[in-house]
Protein chains: 2
Amino acid sequence: MNFSSKLLEDAVAEFAKLPGVGQKTALRLVLHMLNRDKEEVQKFSSTISKLRNEIQFCQTCHNIADQAVCEICSSHKRDHGLICVVEDTRDVMAIENTNQYNGVYHVLGGLISPMDGIGPADLQVDTLVERLKDVQVKEIIFALSATMEGDTTIFYLHKRLKQFNINISTIARGIAFGGELEYVDEITLGRSIVTRVPYENSLSG
Amino acid sequence: MNFSSKLLEDAVAEFAKLPGVGQKTALRLVLHMLNRDKEEVQKFSSTISKLRNEIQFCQTCHNIADQAVCEICSSHKRDHGLICVVEDTRDVMAIENTNQYNGVYHVLGGLISPMDGIGPADLQVDTLVERLKDVQVKEIIFALSATMEGDTTIFYLHKRLKQFNINISTIARGIAFGGELEYVDEITLGRSIVTRVPYENSLSG
């Protein structure tokens, strides 16, 4: 592109580094910035900068937090004997939104993915093992994506955690609520027949 | 959404103000920011802030510029007797990329749109009229979008500029190069029959 201004070009280049943002979208966003008040743009830029400089990760569960220990880990109302292992903070938000879970979390910070060069050492695995040595943990729930990486991670963690006398479970997989059978993919449908549950157990809601 | 951190929530809210960016995309962008080096994020935020504070608009053509007069307006190689009227800086970039135009520009900063409350007073119309009083301008080319707003703007400007003894033209409208007739919309096809040109004139390329 043929920019009339170096400042404009630099700003477009910065926006274009964001995931899913190309040159044209970046230019549109930058022109939008130019149409806004100086104070608003200042607030935008200082909020981003402040976020990166001041954000903390909870010492216990490694979720994004404003303090050294996050609200969930420091709450006395939560069941600290139940740990839900998730990939990142978005999964914590999704599970919290269900209002169905009262335990605490452990945020791995990713999934094992040899293709992307991510191994157990890059994740919060050792800190999870440490947590189990400590306290009255009774159960670990794996709430990871139903993908190759998710399954690999569960397989690895299961081996590491077998030494402890703890119940290990994964969230249920099967056809989604409201899902029509004819549109469900074959793997999901096949597995949900193999892993069928007694009718009484399916009435949890 | 249920954020674990106020800093995170604020940053997501700022990103979600961008056009075409919803809460989920904003969260994805913010988490991407958290994964980048502090210096990179600092550069991002300072580039945006610098852009908004230091950007200038050319005194002559009102295009975005780094100096008081833009490179095109201060160039002696351009034909200052030919002014191309466009909506915004993206149109200048698009026309410059064609390498087919050697005149100067006038950036209106928008189009007349009563629905959005944008009238001639919100645009660089008076400054265009001023420019024509001054110098050796021989021709004005309207290069505006072929929309209701574009046509309204051309209609209005044409009335305002009639007083001057200047050629007024608009960029050619018709079927695009490479366009197959059966896929061209009816209005474009109909008009391109009505405004047909002698064969010799169509061989400009």
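**Figure 1. Surroundings of A:L132 in the predicted model.** In this predicted model, the contacts of A:L132 beyond four places in sequence are A:I83, A:V137, A:I140, A:L161, A:F164 and A:I166. A:L132 itself belongs to helix α5 of chain A, which spans residues 126-134. Its relative accessible area is 5%, so A:L132 is classed as buried, the cut-off for that class being under 20%. As a reference for distance along the chain, A:S4 is 128 residues away from A:L132 in sequence, and the two C-alpha atoms are 59 Å apart.

**Figure 2. The salt bridge between A:D126 and A:R160.** The side chains of A:D126 and A:R160 form a salt bridge with an N to O distance of 3.0 Å. A:D126 is in helix α5 and A:R160 in helix α6 (residues 148-161), both of chain A, so the pair ties together parts that lie 34 residues apart in sequence. The two partners fall into separate accessibility classes: A:D126 has 51% relative accessibility and therefore counts as exposed, while A:R160, at 25%, counts as partly exposed.

Figure 3. A:E96 is a residue of helix α4 of chain A. Its relative accessibility is 16%, so A:E96 counts as buried. A polar contact of 2.6 Å links the side chain of A:E96 to the side chain of A:Y105. With neighbours within four places in sequence left aside, the residues in contact with A:E96 are A:I72, A:R78, A:Y101, A:Y105 and, from the other chain, B:N2.

Figure 4. The loop between β3 (79-86) and α4 of chain A contains A:D88. A polar atom of the A:D88 side chain lies 3.0 Å from the backbone nitrogen of A:R90. A:D88 counts as buried because its relative accessibility is 17%.

**Figure 5. The salt bridge between A:R36 and A:E40.** A:R36 and A:E40 are joined by a salt bridge in which the closest N and O atoms are 3.3 Å apart. The relative accessible area of A:R36 is 7%, which means that A:R36 is buried. A:E40, by contrast, has a relative accessible area of 34% and is therefore partly exposed. Over all chains, the count of salt bridges comes to 20.

**Figure 6. The salt bridge between B:D79 and B:K138.** In chain B, a salt bridge connects B:D79 and B:K138, with 3.7 Å between the closest N and O atoms. B:D79 is in strand β3 (residues 79-86) and B:K138 in the loop between α6 (126-134) and β5 (139-142), so this pair ties together parts of chain B that are 59 residues apart in sequence. B:D79 counts as partly exposed because its relative accessibility is 30%.

Figure 7. Two salt bridges are found across the interface of chain A and chain B. A:E14 forms a salt bridge with B:K43, and the closest N and O atoms of this pair are 3.2 Å apart.

**Figure 8. The side of chain A that touches chain B.** In chain A, α1 (6-16), α2 (23-35), α3 (38-54), β2 (64-65) and α4 (89-98) are the elements that give two or more residues to the side touching chain B. The most comes from α3(A), with 15 residues. By residue class, this side of chain A has 22 nonpolar, 12 polar and 16 charged residues. In total, 50 residues of chain A are in contact with 50 residues of chain B. The area buried between the two chains is about 5200 Å², and carbon and sulfur atoms give 67% of this area.

**Figure 9. Domains of chain A.** The domain assignment divides chain A into domain 1 (6-54), domain 2 (77-171) and domain 3 (173-205). The centres of domain 1 and domain 3 of chain A, taken over C-alpha atoms, are separated by 45 Å.

Conventions. Residues numbered from 1 in each chain as written. Chains lettered and ligands numbered in written order. Predicted model: local features only at pLDDT ≥ 70, side-chain atom pairs only at ≥ 80, totals over all residues. Heavy atoms only, no water. Contact = heavy atoms within 4.5 Å. Buried area = accessible area lost by both parts, 1.4 Å probe. Salt bridge = Lys/Arg side-chain N within 4 Å of Asp/Glu carboxyl O. Helix = DSSP H or I, 4+ residues; strand = E, 2+ residues; numbered from the N terminus. Nonpolar A, V, L, I, M, F, W, Y, C, P; charged D, E, K, R; others polar. Domains from an automatic or database assignment. Buried < 20%, exposed > 50% of the residue type's maximum accessible area, 1.4 Å probe, protein only. Polar contact = N/O pair within 3.5 Å; in protein donor to acceptor, adjacent residues only side chain to side chain.
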